[in-house]
Amino acid sequence: MTMTMEMPDRSSRWLLIGSLALNLFFVGTVGALALRHIMAPPQSVAAERPRTAAARLERLAAPLPGADAEKLRAAFRARAAEAENARDALNRAYERIQAALRAQPFDPAQLHTAMADARAARPLYEMVMQDIFAAGAAGMSPEGRTRLAEWPPRSPNAR
């Protein structure tokens with residue numbers, strides 16, 4: 001009789017200890033998540049980057065040494081109007097794609113035409129910008145060209 005009385009007592013004691021350990025684990029996890037939420041710096045709101053050639057060039061020039069960045073900016077200033085016109089044409093093509101997707105009733109032919117316009121506008125913009133990069137890089141220091149070659153910076157999540 002003694003044996004049958006001790007068995008449920010011993011197993012309920014282990015069940016109580018296991019339950020307490022599990023509850024402490026959950027409370028600790030919730031506490032850590034709450035603390036991380038309170039202590040973490042606020043995440044910046046992702047503002048849309050300006051879609052201009054000048055903004056793209058400034059993003060490229062930012063990590064460069066001062067003199068090299070100025071050489072890149074000078075190369076851009078020489079062809080700024082051409083670069084901005086090409087970028088505006090590309091932006092308008094993207095806007096036509098968006099309009100075609102939003103149109104009621106939807107017209108697949110209109111979407112295909114808008115996409116073809118975007119495909120045609122993109123290489124023109126890239127050619128102008130690449131000519132600007134090449135002209136700027138021609139006068140840069142080796143360090144400046146190396147930093148330009150490392151663009152875009154790798155994100156921490158990249159493999």
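This is a predicted model: local features need pLDDT of at least 70, side-chain atom pairs count only at pLDDT 80 or more; totals for chains, interfaces and linings use all residues.

Trainee: What makes the buried residues of α3 line one face of the helix?

Mentor: Look down the axis of α3: the buried residues fall within an arc of 120°, so they line one face. Those residues are D68, A69, L72, A75 and F76. On the other side of α3, G66, A67, R77 and A78 are exposed.

Trainee: And what covers the buried residues of α3?

Mentor: The cover includes α2 (53-61), α4, α5 (108-138) and α6 (142-149).

Trainee: Next, R87 in helix α4. How do you know that R87 has no salt bridge?

Mentor: Check the distance. The nearest side chain of opposite charge, E126, is 6.2 Å away. A salt bridge needs a side-chain nitrogen within 4 Å of a carboxyl oxygen, so R87 has none. Leaving out residues up to four places away in sequence, R87 touches R51, T52, A53, Y94, R122 and Y125.

Trainee: Which residues touch the most other members of the largest nonpolar core?

Mentor: Of its 21 residues, L72, A83, M129 and I132 do. Two or more residues come from each of α2, α3, α4 and α5, with α5 giving the largest share, 7 residues. Another core, of 6 residues, lies apart from it and includes A93, L111, A114 and A118.

Technical notes. Residues are numbered from 1 along each chain as its sequence is written. Side-chain values use heavy atoms; hydrogens and water are left out. Helices (H or I, at least four residues) and strands (E, at least two) are DSSP runs, numbered from the N terminus. Buried means under 20% relative accessible area, exposed over 50%, partly exposed in between (1.4 Å probe, protein chains only). Lys and Arg count as positive and Asp and Glu as negative; His and the chain ends are not counted. Contact means heavy atoms within 4.5 Å. The arc is that of the directions from the helix axis to the C-beta atoms. A nonpolar core is a set of buried Ala, Val, Leu, Ile, Met, Phe, Trp, Tyr and Cys residues joined through side-chain atoms within 4.5 Å.
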